[in-house]
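User: Could you take a close look at one helix with me and explain how it sits among its neighbours? I'm new to this, so please go step by step.

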Amino acid sequence: MESLKELLSEELKDLYSAEKQLLKALPKMAKNANSGELRSALEEHLEVTRGQVDRLEQVFESLGKPAKAKTCKAMQGLIEEANEIMEEDAEGALADAGIIAAAQKVEHYEMASYGTVRTWARICGENEAAELLQETLDEEGEADKKLTELAESIVNPQAESQSDGQESGSRGSKKSTKSGSKSSSKKSSRR
Ligand SMILES: [Fe+2]
């Protein structure tokens, strides 16, 4: 490794592998999603990811390098964890909250990598590559934001109320005061 440009193309090989691995993993994640919104967000990101693979090929081309993948071990691990969380015995929104967690870890990993290669490309004067990489970075950011919105507006509140109904520990006792006593009217009037 003797130059930043070499380091750049090594990192691009890692990303090329990462995106290709994700292409295979996303359909399973979408299939496991219970919320229709989450499912379509993941399906949409699958389409976006196809475009990102093509875009990486354009980046290699603009650098005059062959498009090659070098197994991204980090993505392997992230996908393994996604599979683990999907094998958990969780239902409905609770399962979805786990899928979102796994998907956001993937997005953040990709954002870190694309941010780095975009900057290196700029420094090396590879402006076309830098612009292409910025486009993908923006898309990853949008996907991440969408997942946060889904989690906050739909999935987390549902997962929480699902837990309310099922746990018999401290949550259960909180619930019984809510349904049974005067203190509950005080509480609800504060909302
Ligand atoms: Fe991606």
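Analyst: Let's begin with how a packing angle is defined: the axes are lines fitted to C-alpha atoms, for helices over the stretch in contact, and the angle runs from 0 to 180 degrees between N-to-C directions. Keep in mind that this is a predicted model.

With that in hand, look at α3 and α4, which pack at an angle of about 175°, their axes 9 Å apart. Angles over 145 degrees count as roughly antiparallel, and α3 and α4 are therefore roughly antiparallel to each other. On the α3 side, the residues that meet α4 include Leu78, Glu81 and Ile85, while those on the α4 side include Ile99, Lys105 and Tyr109. By class, this contact has 11 nonpolar, 1 polar and 2 charged residues.

The other partner is α1. Here α1 and α3 pack at an angle of about 10°, with axes 10 Å apart, which makes α1 roughly parallel to α3. Among the residues meeting there are Leu22 and Met29 of α1, and Gln76 and Ile79 of α3. This contact has 8 nonpolar, 4 polar and no charged residues.

Now for α3 itself: the helix covers residues 73–87, and its 15 residues reach 21 Å from first C-alpha to last, close to the 21 Å expected. Met75, Leu78, Ile79 and Ala82 are its buried residues. Seen down the axis of α3, they fall within an arc of 95°, so they line one face of the helix. These buried residues pack against both α1 and α4. Turned away from the buried side is a face with the exposed residues Lys73, Gly77, Glu80, Glu84 and Glu87.

Methods: Residues numbered from 1 in each chain as written. Predicted model: local features only at pLDDT ≥ 70, side-chain atom pairs only at ≥ 80, totals over all residues. Helix = DSSP H or I, 4+ residues; strand = E, 2+ residues; numbered from the N terminus. Expected span 1.5 Å × (residues − 1). Buried ≥ 20, exposed ≤ 12 C-beta atoms within 10 Å, placed from the backbone. Arc of directions from axis to C-beta. Contact = placed C-beta atoms within 7 Å. Parallel < 35°, antiparallel > 145°, perpendicular 65-115°, else oblique. Nonpolar A, V, L, I, M, F, W, Y, C, P; charged D, E, K, R; others polar.
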